[in-house]
Amino acid sequence: MAASGVPRYLNGTLSASSPFQDRPPLITVTPLGLYCAPGDFHIDPWRPVDRALITHAHGDHARGGSRRYLGARAGEGLLHRRLGADATIDTLEYGERLRINDVTVSFHPAGHVLGSAQIRIEHRGEVWVVSGDYKRAPDPTCAPLEVVRCNTFISEATFGLPIYRWDDTRLVAEDILRWWDANRAVGRAAVLFCYALGKAQRILAELARLTDRPAYVHGALNSLVAVYHEAGVRMLPTQLVSETEKGMSFAGALVLAPPGAGGSTWMRRFGEHETGFASGWMRVRGNRRRRGFDRGFVLSDHADWPDLLRTVADTRAERVLVTHGYSDPLARYLREKGVDAAPLATPFEGEAED
Amino acid sequence: MRRLADLYEALDQTTSTNAKVDALVRYFKEAPPEDAAWALYFLTGQKLKRLLTTKLLVGWTQELTGIPDWLFAEVYASVGDLAEVIALLLDGLERPARPEELPLSVWLEQRLLPLRDLDAAEQRERVVSWWKAMPRRELFLLNKMLTGELRVGVSATLVIRAVAQVAGLPPPGVAHRLMGTWTPSPGFFKQLVSPDVSDGDRSRPYPFYLASPLEQAPESLGKLEDWLVEWKWDGIRGQLIRRQGGVYLWSRGEELITERFPEITEAASALPEGTVLDGEVLAYEDGRPLPFARLQRRIGRQKLTPKVLAEAPAAFIAFDLLELGGKDVRELPLRERRAKLEALLKDRPRFPISPSVKAGAWEELARVRGEARERNVEGFMLKRLESAYLTGRKRGDWWKWKMDPFTVDAVLLYAHPGHGRRSSLYTDYTFAVWNGQELQPVTKAYSGLTDEEIARLDRWIRAHTREKYGPVRSVEPEQVFELHFEGIQASPRHKSGVALRFPRIARWRTDKKPQDADTLDSLKELLHAHR
C-alpha cells in the first residue's frame with residue numbers, strides 16, 4: 001500500500017491525535033533523500049546535496065559528494081573514514097541544539113554503532129525524530145538509545161516481523177567463545193563473518209569480557225577497529241591477517257572477516273576451519289543453510305520486533321512512518337493497534353543479507 | 001528429547017561428514033535402546049502418520065501470540081517452514097526455569113501417538129501445555145513430529161555407518177537388518193546392534209547393489225575379459241528369497257510383491273532352503289522378454305484372472321546369488337557367485353539365467369548393443385568379475401550402458417504450474433508434433449531444464465499466453481524443444497495414438513523454428529520399427 005493511500009485515522013481508534021495534523025509534513029521523501037523544507041537540509045541523502053545531516057556512518061546512510069555534513073561528535077572519526085579526510089564535517093555533542101533556518105536540530109544516541117544518532121527536528125512546537133538505525137540491546141561500543149518524545153517518529157523496520165527476537169547478547173558471546181574453544185580443541189580455525197563496521201567491534205568488545213586471547217582480522221575491519229580504539233572502546237587485541245608470517249598456522253585461531261571474503265582465495269590460508277556468521281538473519285535456519293555456514297550466531301545491531309514496538313510506544317508519537325526492511329507489515333500491525341502509521345519508501349538497506 | 005535436540009543441533013551445525021558420523025555414534029552409544037529406535041526411525045526418513053492438522057497448530061499459535069492471519073502468512077512466507085515459524089513465534093512465551101525432561105520414547109508412545117484418538121479440544125489442551133513448558137529447540141522438534149515433517153539432513157549411508165560403528169559390525173550387515181518393515185521398539189534396536197549374526201527375520205532382503213550409468217568410453221574400463229556383460233532387462237528389479245519354508249519376492253522399492261507373481265512364487269518353492277537370488281521380473285514368453293508395457297498392464301490389474309496371467313506370463317531372470325545354503329555369499333567375487341548360480345539353476349528351466357553376452361572386443365560389443373531395441377532390453381550391464389556384491393550405488397564395479405535414447409523435436413503448446421517449491425512457476429509442459437497442417441499434442445515432459453531456463457521460459461510463457469484454462473495456459477506455438485525418450489508404444493488412450501516412455505527435455509532448440517519440428521508419421525515409424 002502506498003503511503004498516500006493509507007487512511008490517516010483507522011476507525012477512529014487512535015489513542016492520540018496530532019495537534020499538527022493540518023500542517024504540511026516537516027520531512028518528505030525527494031529524489032535526493034529525506035528533506036526538511038523549513039530547515040532546508042537533507043537527512044542521510046542518497047545523492048549529493050548542499051547540507052546533509054547524517055545519522056551514522058554505514059554506507060547506505062553516509063554517502064560522499066555533499067558540500068557539508070553535520071553529525072554526532074562521537075561518530076566524527078567514522079564519518080571521516082567513510083566520507084574522506086577532506087569532507088566538510090561539523091559535529092554536535094549528543095543533546096546539543098543548533099538552529100538551522102526555521103528549525104532546531106539535535107542528535108541523540110541510537111545505540112546502533114559508535115556515534116550513531118537519532119535526529120530530532122523541532123519546528124514551531126512540532127517535533128519529528130528520524131531514528132536512522134537503532135537497537136535497545138546493550139552494546140559496550142556505543143551509547144544506549146535515548147528515548148526522544150516526538151509527534152512523528154520515522155522508524156526503521158529491518159527486522160519488523162514477530163519472529164525476530166534477540167537473546168541476551170552475553171549468551172550469544174558465550175556461544176561464540178564456546179564455538180571458538182571447540183574448534184581450538186581440534187586444531188581448527190574459526191572464521192566468523194560479520195559486518196566490518198559495528199558488528200565486528202561489538203563482538204571483539206563482548207569477547208574481551210570473557211577472554212584475552214588475540215583475534216585475527218581482515219583488512220576491511222582493521223582500520224575501523226583502530227577508530228574504535230581511539231574512541232576508548234575496550235576490545236580483544238587484534239592482528240591483521242595480512243601481516244602474519246607467510247605459512248603461519250591458523251589452527252585454533254579466531255578470524256573476523258566481512259561476509260564478502262567467504263569463498264575467496266583469501267580463505268585458503270586458514271587450512272581446516274569452520275565458518276560462522278553473526279547476523280540477525282541467522283535467526284531463521286534456512287538463511288544459514290542456504291549460505292552454507294556451519295554456525296549462525298543471532299546478533300544484530302537493529303531492534304527486534306518487541307523493541308520496535310516498545311520504542312514506538314516510548315516516543316509517544318502520534319504518527320509513525322516506517323522505512324527499510326519489513327516496513328509494510330510493521331506499519332500495518334501498528335495501524336491495527338490504533339497507531340497512525342504508514343510505510344515510507346527509501347533506499348536504506350538496514351542489515352543486508354550478505 | 002534433549003538428547004535428540006543435541007543430536008539434531010550437532011548434525012545441523014556442520015557440513016563435515018565425519019563430524020556427522022561422530023555425532024550419530026555419540027548419540028547411539030548414549031541413548032537407551034527404546035529412544036535410539038525412535039531416533040533411527042526418523043533418521044532413516046520414516047514419518048509418523050499425521051497426528052493432527054496443521055490448521056489447528058496455526059490457530060493455537062495465533063491464539064497464544066495474538067498474531068493476525070495476514071501477519072502469520074507474511075512470516076510463513078519469509079521462513080518457509082511451519083514448525084520453525086511456530087517455534088520462533090512462541091519463543092516470546094514465559095518458560096519455566098527448569099523445563100521437564102522426558103525420554104523420546106515416552107514423548108512418542110505416551111504423548112504424541114495417543115493424540116490421534118483425541119478430539120480437537122483435548123489435543124489443544126495437551127499441545128499448548130507442552131509448548132509452554134519446552135525450550136525452543138525441543139519445541140521445534142516437537143512441531144516437526146506433529147506436522148510429520150521431521151527429516152534430518154543425513155543420508156541413510158551415514159546413519160548405517162554410525163550404527164555399524166557402535167555395534168562393531170560391518171555396515172552391509174546393519175543395512176541388511178534395516179531392510180523391510182520394522183517397528184521402533186527397544187527389541188528391534190537391540191537386535192540391530194547385536195553381534196549375533198544368526199538373526200533374522202526370514203523374509204528380510206539384502207540391500208540391492210545398484211549400477212551407475214556409464215558416461216565414459218567403455219574402453220576406459222580396461223580389458224573386456226575382466227567383465228561380465230549382460231543385457232539390461234526392462235522389467236522390475238527383484239530379490240527372490242526362499243527361506244524356512246517360505247518364499248518372498250521383494251521389489252527394489254522394498255515392496256513385497258510375492259502375491260503379484262504366483263507363477264514365480266510357485267516355481268521358487270522348489271528351490272533349496274536358504275537361497276536368495278537377485279534378478280529381474282519380466283513379462284516373458286517363448287524364451288524371450290515381452291515389452292515392458294505388457295508387464296505394466298498386468299501390474300495395473302486389481303485381480304489376477306487366468307486371462308491376465310496368460311496375456312503377460314511373468315518370469316524371474318536370475319543374475320546373481322546372494323545367499324546359498326543359508327550362508328551370505330555377497331563377499332565372494334562375482335566369478336564364483338555366477339558359477340554357483342549356474343550350478344544351482346542348471347536343471348531348473350523355470351529360472352532362466354541372464355545370459356552372458358560374448359564379444360571379442362569393446363568395439364564389437366558396441367555394435368551388438370544396437371540390437372537392444374529389437375530384443376526389448378535397455379542396453380548392457382557391465383559387471384567386474386572380481387567384484388563383491390556391494391550395498392547401494394557404489395561406482396566402479398557395476399555399470400549400466402544404456403542404448404542411446406530416441407529423440408524428437410516438438411513444439412511447446414501448453415504450460416502447467418509446478419508443485420511445492422516451484423508452484424509459482426510454469427514447469428510442466430505439453431509438446432506437439434505436426435500431423436499434416438496441425439500440431440498434435442503427443443507428450444508431457446517436466447525435467448531437464450536448468451532453474452535459469454525454467455525461469456526464462458516461465459517469463460516467455462506469461463508474455464505469450466493465448467488462453468487460460470484454469471491453471472493451464474496455451475501458448476503461441478513458437479518454442480521448439482528436443483525431447484529424449486526410451487520407448488514408444490501404440491496407445492488408444494492418447495489422441496495421437498502413441499505414448500512415449502520416460503520423455504524428458506534434452507535441449508531448448510532456440511535455433512529451430514516450429515516448422516522444423518518432427519511429424520507424427522515419423523514417430524509412428526519408430527513404433528513399427530521396434531516391436
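Keep in mind that the model is predicted. Chain A and chain B bury about 1900 Å² between them, and four salt bridges turn up across that interface. Chain B has 531 residues, of which 51% count as buried.

**Chain B overall**

- In secondary structure, chain B comes to 19 helices and 21 strands.
- Take the contacts in chain B between residues at least 6 apart in sequence: 70% of them join residues at least 24 apart.
- Chain B exposes about 25400 Å², with carbon and sulfur atoms supplying 49% of that area.

**Where A meets B**

- The contact draws 20 residues from chain A and 21 residues from chain B.
- A:Ile163, A:Arg283 and A:Arg285 supply 27% of what chain A buries against chain B, more than any other three residues.
- On the polar side, seven residue pairs are in polar contact between chain A and chain B, counting pairs with both residues at pLDDT 80 or more. Helix 5 (285–291) and helix 7 (327–336) of chain A are the elements that give two or more residues to the side of chain A touching chain B.
- B:Arg136 forms a salt bridge with A:Asp167, and the closest N and O atoms of that pair are 3.7 Å apart.

**Helix 10 of chain B**

- Helix 10 covers residues 156–167 of chain B, and its length checks out: at 1.5 Å a residue, the twelve residues should span 16 Å, which agrees with end C-alpha atoms 16 Å apart.
- The buried residues in helix 10 of chain B are B:Leu158, B:Val159, B:Ile160, B:Ala162, B:Val163, B:Ala164 and B:Ala167.
- Just past the end of helix 10, B:Gly168 takes a positive phi of about 70°.

**A:His112**

- You'll find A:His112 in the loop between strand 8 (103–109) and strand 9 (117–123) of chain A.
- A:His112 has a relative accessible area of 1%, so the residue counts as buried, the cut-off being under 20%.
- Leaving out residues up to four places away in sequence, A:His112 touches A:His56, A:His58, A:Asp133, A:Tyr134, A:Lys135, A:Asp139, A:Cys142, A:Asp301 and A:His302.
- With A:His58 there's also a polar contact, side chain to side chain, at 3.1 Å.
- A:Thr141 is 29 residues from A:His112 in sequence, and their C-alpha atoms are 9.3 Å apart in space.

**B:Asp81**

- B:Asp81 sits in the loop between helix 5 (69–79) and helix 6 (82–89) of chain B.
- Its relative accessibility is 13%, and because buried means under 20%, B:Asp81 counts as buried.
- A polar atom of the B:Asp81 side chain lies 3.0 Å from the backbone nitrogen of B:Ala83.
- Not counting residues up to four places away in sequence, B:Asp81 touches B:Tyr76, B:Phe140, B:Lys144 and B:Glu149.
- One of those, B:Lys144, is 63 residues from B:Asp81 along the chain, with 9.3 Å between the two C-alpha atoms.

Methods
Residues are numbered from 1 along each chain as its sequence is written. Chains are lettered from A and ligands numbered from 1 in the order in which they are written. Side-chain values use heavy atoms; hydrogens and water are left out. Helices (H or I, at least four residues) and strands (E, at least two) are DSSP runs, numbered from the N terminus. The expected span of a helix is 1.5 Å times one less than its number of residues. Buried means under 20% relative accessible area, exposed over 50%, partly exposed in between (1.4 Å probe, protein chains only). Contact means heavy atoms within 4.5 Å. Accessible areas come from the Shrake-Rupley method with a 1.4 Å probe; for residues, only the protein chains shown count as cover. Buried area is the accessible area (1.4 Å probe) that two parts lose on being put together, summed over both. A salt bridge is a side-chain nitrogen of Lys or Arg within 4 Å of a carboxyl oxygen of Asp or Glu. A polar contact is a pair of N or O atoms within 3.5 Å; within protein, one must be able to donate a hydrogen and the other to accept it, and residues adjacent in sequence count only if both atoms are side-chain atoms.
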